[in-house]
Every structure is written in C-alpha cells, then in structure tokens.
Amino acid sequence: MKTVKYNIIHQNILTWYEEHGRVTLPWRNTNSPYEIYLSEIMLQQTQVKTVLERFYFQFLEKFPTLKDVADVAVDDVLKAWEGLGYYTRARNLHKTAIETKGILPNNAEALEKLSGIGKSTAHAVACFAFDEALPILDANVKRILYRFFAVKSCNDKKLWELAYKLYDKDNTYIYNQTMMDIGSAICTHKNPLCNTCPFESLCQGKENPLLYPEKKKKQKKPIRKRTLVIYHKENRYVLAQNSERLLSGLWAFKQEEDFKVNDYMTELGEFKQHYTHFTLEASVVLLSCEEQENYFTIDEIHDLALSGADRKALALLEMHCQ
Ligand code: SF4
C-alpha cells in the first residue's frame with residue numbers, strides 16, 4: 001500500500017521531473033537492457049559528462065550488443081574501457097556477457113547474481129529496463145536519505161529500509177531517475193539547494209543539511225614511490241600483462257621499488273597518478289636489455305590496453321624518441 005504521508009513528495013517529484021529531469025540522456029531513451037546496464041556500470045565511478053562525451057557511444061559503436069562483448073577476448077573490452085578506470089568493471093562486464101550468452105535476465109533477483117552487479121545496480125536495471133518497482137541506493141540516493149530522515153550515520157541495511165520507506169511504488173521509474181538527478185544537482189555534498197528541492201516540505205534535515213551524513217575523518221592517501229623501467233632493444237619495448245587485481249589484464253611497463261638509477265640508464269621524467277587508495281609517484285627510466293618476451297614497437301603499444309600511469313610513461317618515452 002502507498003505511504004500516504006509521502007504522497008505530497010511523490011507528486012512534487014513527478015512535477016519536478018517533468019520540468020527539470022535529464023530526459024534526454026541516451027540511456028533514458030532506450031529499452032535495451034544492455035544499453036541501460038552499460039550506463040549503470042559506467043556511471044558507478046564516473047561522472048555523467050565523462051561517460052557521455054568519451055565512452056558510452058564509443059563503446060556501443062564497438063560492441064552494439066552484449067553478445068558482441070561475449071564474442072571477444074577480455075583484452076578487447078579492456079582496450080575499449082581504457083581511460084575510464086576501475087577496470088574490474090570491464091572484466092565483470094565481459095564475464096556477465098559470457099555468463100548470460102548476451103541476454104540479461106529480466107528481474108533484479110537474477111541480475112544480482114551476475115558478476116559485478118550489486119543490489120542497487122540490479123534494482124536500477126530491473127526498474128529502468130523491465131519496469132520492476134524497486135528503489136535504488138547509490139551514493140547520491142544515500143545522501144538524500146541521510147538528510148531527508150536526519151540520520152547522521154547508519155549501515156546499508158538501515159539505508160535500504162529508508163529507501164523502501166520513501167520510494168514511490170506507482171511511479172518508480174521517474175522516482176529513481178529523479179533521485180539521481182536531485183543527488184547530482186540539488187542535494188549536493190557542499191551546497192544543497194533546499195529551496196528548489198521536491199523533498200523540501202517533509203525533509204527533516206533541511207535546517208542544517210551538511211550535518212548529514214556525519215563526515216568521516218579523511219585519511220591522507222599513502223604515496224607509493226616506484227620506478228617504471230622501460231626495457232628496450234633498439235626500438236622495441238618490453239611490457240607484460242598485469243596480474244594485480246586492480247589493473248588485471250592491462251599491459252604495463254615493469255615497476256620497481258627501491259630501484260637504483262645508474263649511468264647506463266636514461267631518465268625520461270616523472271609523473272604522479274592518483275588512485276582511490278594511494279598516489280603513485282613514478283620516475284621513468286629507459287634501459288637497454290637482451291632479447292625478452294613481449295617486445296612491442298610504439299605503434300603496437302598504442303593498440304594495447306594500458307593504465308593511466310603506463311600511458312603517462314609512454315608519453316614520456318615518445319617525447320624522448322622524437
Ligand atoms: S530539502 Fe535540502 S537537504 Fe533535504 S533532500 Fe532536498 S536538498 Fe537535500
């Protein structure tokens with residue numbers, strides 16, 4: 001049964017979405033479960049603008065269907081994902097494509113069992129592609145719920161309870177899309193615009209929204225100092241495929257810790273690369289070596305999937321070779 005108490009909010013949301021909803025977003029104008037799922041995965045760690053301008057259409061052009069993803073090696077998917085980061089998403093997308101033989105199941109319960117699909121993503125795909133009336137709980141929605149119910153801190157179980165309490169079972173598609181729009185444009189981290197928010201009339205946190213959720217003390221990111229050693233024989237360079245979880249499957253130059261640079265090497269430069277849990281401070285050196293496996297020319301390296309750090313090292317190498 002519909003919660004009468006929130007009728008006014010649900011009505012405000014319908015009006016707000018009609019006037020301000022981002023209705024032109026491509027994934028809101030398709031019935032394709034694959035296109036909706038792809039957008040959900042890309043948007044998990046990346047802003048809408050970046051996904052729209054650089055990745056979504058390009059990926060779909062390369063892989064128009066999920067079956068096309070299933071039919072290629074994971075290397076090809078990683079290459080198409082290059083620059084988007086959080087590569088586990090690309091590996092899971094490939095696994096899911098294979099597991100489902102290119103056809104996604106049509107309900108949240110089955111979607112949630114697939115690689116890399118958590119409860120909120122399963123609900124989003126089930127709601128947007130298959131009209132299942134389920135709430136979502138991404139980072140933006142969590143912030144709205146903390147503030148709306150004036151809760152400073154709680155676990156995900158409690159947040160799901162709040163999500164179920166507030167959502168509109170009759171217009172779930174619009175409700176969920178609006179939650180995402182409000183979270184990114186109105187109920188923002190630093191400057192919530194309560195006066196223009198459809199939740200305002202019943203929001204318990206509106207007097208002082210920045211109190212919710214309680215801020216956790218930010219830990220300073222550790223710094224990892226490494227030397228990227230580019231081994232080469234004439235104009236061919238050595239790379240190996242990464243097996244570390246974070247960047248598994250991507251090609252990389254050799255990374256060394258506590259590496260002593262000597263006169264036999266050429267120093268190419270330095271760079272920083274920021275990751276979620278640490279910052280890499282790298283210096284790059286070029287070192288001649290005997291024949292090894294996996295030698296590539298610079299043109300061939302451009303066809304491999306590289307991490308952001310290795311792409312920066314490649315840029316230094318190219319500058320040196322000019
Ligand atoms: S009224 Fe303010 S605090 Fe409450 S949900 Fe809207 S923007 Fe956030």
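User: How many cavities of 30 Å³ or more does a search of the whole structure find?

Analyst: The model is a predicted one, and this applies to each value that follows. When the whole structure is searched for cavities of 30 Å³ or more, the number found is 1.

User: Which residues that line the largest cavity are the closest to its centre, and what is its volume?

Analyst: The lining of the largest cavity consists of 14 residues, which by class are 11 nonpolar and 3 charged, with no polar ones. Those closest to the centre are Cys187, Cys194, Cys197, Phe199 and Cys203. The volume of the largest cavity is about 130 Å³.

User: How is helix 2 oriented relative to helix 6, roughly parallel or roughly antiparallel?

Analyst: The axes of helix 2 (residues 33–43) and helix 6 (residues 88–100) come within 10 Å and cross at roughly 155°. Because angles over 145 degrees count as roughly antiparallel, helix 2 is to helix 6 roughly antiparallel.

User: Which residues make that contact between helix 2 and helix 6?

Analyst: By class, this contact has 5 nonpolar, 2 polar and 1 charged residues, and the crossing of the two helices is right-handed. Helix 2 contributes Tyr37, Leu38, Ile41 and Met42, while helix 6 contributes Arg89, Asn92, Leu93 and Thr96.

User: Why does helix 9 count as roughly perpendicular to helix 11?

Analyst: Helix 9 (residues 139–148) packs with helix 11 (residues 172–185), their axes being 8 Å apart. The range from 65 to 115 degrees counts as roughly perpendicular, and helix 9 is therefore roughly perpendicular to helix 11, given their packing angle of about 80°.

Technical notes. Residues are numbered from 1 along each chain as its sequence is written. This is a predicted model: local features need pLDDT of at least 70, side-chain atom pairs count only at pLDDT 80 or more; totals for chains, interfaces and linings use all residues. Side-chain values use heavy atoms; hydrogens and water are left out. Axes are lines fitted to C-alpha atoms, for helices over the stretch in contact, and angles run from 0 to 180 degrees between N-to-C directions. Helices (H or I, at least four residues) and strands (E, at least two) are DSSP runs, numbered from the N terminus. Angles under 35 degrees count as roughly parallel, over 145 as roughly antiparallel, 65 to 115 as roughly perpendicular and the rest as oblique. A crossing is left-handed if the near helix is turned anticlockwise from the far one by less than a right angle, and right-handed if clockwise. Contact means heavy atoms within 4.5 Å. Ala, Val, Leu, Ile, Met, Phe, Trp, Tyr, Cys and Pro count as nonpolar, Asp, Glu, Lys and Arg as charged, and the others, Gly among them, as polar. On a 1 Å grid over the protein atoms alone, a cavity is a set of points where a 1.4 Å probe fits but cannot get out, and a pocket is an open set with protein on both sides within 12 Å along at least five of seven lines; lining residues have an atom within 4 Å of a point. Grid points are joined across faces, edges and corners, and a volume is the space filled by probe spheres set on the points.
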